[in-house]
Amino acid sequence: MAQAVSQNDHGHHDHGHHDPQELKMLGFWIFLITDVVLFGTLFATYVVLHNNTAGGPSAHEVFEMPGVIAETFILLTSSFTSGLAVLAMNKGNVKQLIAWLIVTFILGAAFIGLEVQEFVHLVHEGFNFGTSAFSTSFFTLVGTHGLHVSMGLGWMILLIIQLSRRGINDVTRGKVNVISLYWHFLDAVWIFLLSVVYLMGVM
Amino acid sequence: MADHSNHAHGHNEAHAHGSVKSYVIGFVLSIILTIIPLVVVLNHMLSEIPTILVIMITAVLQFAVQLFFFMHVRERQGNQPRWNVMALIFGLAIVLVVVSGSVWIMAYNGVGY
């Protein structure tokens, strides 16, 4: 449908400003919406099952807030720095762009490090994937988010390499815009993880 | 449908979401909106229902901050229809139906609980 509209517009005036890049952004946005639905179903599962502990530990017995709070602020800051990367790109400053992407990557890696540490700790406490319906839905929900962040990290490395080789052009500009959108989205999902899983778990 | 001033505006938008100020405001707002529920929950300041309300309201507000200050949901697409906003509303409607429907059904399901 967007395609049809863009064709229409094209006929109106010569500067077809509905360029492929803009369509790619829209396409990526629609992917993010499907991810919203994916996380929505996982949240629904968690909310329904979080009291079914099958004699295992319950939420306020296993969650340790200091680590979770650190993860939250690290991811929040990385969302901000990925925005600063886009700003540096709009100014045409490749070095600054790569620097902010590296900062974002380090923060993202720290987040994943803390999350893995938390999971390892939980498993050692006897709270693993198969302990209860609660633990399964917890690991699936939080793990899916962690997987998204990890994929974003790999993607960011590839993008940093491409940027250092080719600089800022139409292709890399589109990719930086898309990855920053992805990163902000993951931060938004984490806000709901913090709220629904951790804060409501320990209150 | 599209005149020239509108077209020029479309190009200026690249600068519109190129402002450090909007990112800093968004960052500060999201930190504040994170600290509020943390303080309320960790100090047990409110009883159960108000606490849940505070958590959910600050989460939704922070989602809005991410959308408007970081993801620039209002700015894309020039003078095109806002397909991204429509897709988002559609997705959120599905999430609302799935989550509230699941909770509602399972709350009255004598077998599952």
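Visitor: What percentage of the 113 residues of chain B counts as buried?

Guide: In chain B, 21% of the 113 residues count as buried. This is a predicted model, in which local features need pLDDT of at least 70 and side-chain atom pairs count only at pLDDT 80 or more, while totals for chains, interfaces and linings use all residues. Residues are numbered from 1 along each chain as its sequence is written, and chains are lettered from A and ligands numbered from 1 in the order in which they are written.

Visitor: And what percentage of the 203 residues of chain A counts as buried?

Guide: Chain A, with its 203 residues, comes out at 42% buried.

Visitor: Okay, pick a residue. Why is A:Leu101 called buried?

Guide: Just count its neighbours. With C-beta atoms placed from the backbone, a residue is buried if 20 or more other C-beta atoms lie within 10 Å of its own, exposed if 12 or fewer, and partly exposed in between. A:Leu101 has 26 other C-beta atoms within 10 Å, so buried it is. This leucine, A:Leu101, lies in helix α5 (residues 94-124) of chain A.

Visitor: Which residues does A:Leu101 touch, not counting those up to four places away in sequence?

Guide: That would be A:Ala85, A:Met156, A:Leu159 and A:Ile160, with residues up to four places away left out. Touching, or being in contact, takes C-beta atoms, placed from the backbone, that lie within 7 Å. As for A:Ile179, 78 residues along the chain from A:Leu101, the two C-alpha atoms are separated by 10.0 Å.

Visitor: What makes something a helix here, and how many does chain A have?

Guide: Helices are DSSP runs (H or I, at least four residues), strands are runs of E of at least two, and both are numbered from the N terminus. Chain A gives 7 helices and 0 strands, while chain B has 4 helices and 0 strands. The C-alpha atoms of chain A fill a box of roughly 70 × 40 × 25 Å along the principal axes.

Visitor: Why are α6(A) and α7(A) described by the direction word they get?

Guide: Helix α6 (residues 133-166) and helix α7 (residues 170-202) of chain A have axes that come within 10 Å and cross at roughly 160°. The axes are lines fitted to C-alpha atoms, for helices over the stretch in contact, and angles run from 0 to 180 degrees between N-to-C directions. Under 35 degrees counts as roughly parallel, over 145 as roughly antiparallel, 65 to 115 as roughly perpendicular, and the rest as oblique. Therefore α6(A) and α7(A) are roughly antiparallel. The residues of this contact of α6(A) with α7(A) split into 17 nonpolar, 5 polar and 2 charged.

Visitor: What makes a residue nonpolar, charged or polar in that tally?

Guide: Ala, Val, Leu, Ile, Met, Phe, Trp, Tyr, Cys and Pro count as nonpolar, Asp, Glu, Lys and Arg as charged, and the others, Gly among them, as polar.

Visitor: Now the interface. How many residues of chain A are in contact with chain B?

Guide: On the A side there are 43, in contact with 45 residues of chain B. α2(A) gives the most to the side of chain A that touches chain B, with 14 residues. That side has 27 nonpolar, 13 polar and 3 charged residues.

Visitor: How do you know whether α2(A) and α4(B) are roughly parallel or antiparallel?

Guide: The axes of α2(A) and helix α4 (residues 83-107) of chain B come within 9 Å and cross at roughly 10°. That angle makes α2(A) and α4(B) roughly parallel. Their contact has 21 nonpolar, 5 polar and no charged residues.

Visitor: And what about α7(A) and α3(B): at what angle do they pack?

Guide: About 175°, with axes 9 Å apart. So α7(A) is roughly antiparallel to α3(B). Among the residues making the contact are A:Ile191 and A:Phe192 of α7(A), with B:Ile55 and B:Ala59 of α3(B). By class, the contact of α7(A) with α3(B) has 11 nonpolar, 4 polar and 1 charged residues.

Visitor: What do the buried residues of α3(B) pack against?

Guide: They pack against α4 and α7 of chain A, together with α2 (20-42) of chain B. The buried set of α3(B) includes B:Ile55, B:Ala59, B:Gln62 and B:Gln66. Just past α3(B), B:His72 takes a positive phi of about 50°.

Methods:
Contact = placed C-beta atoms within 7 Å.
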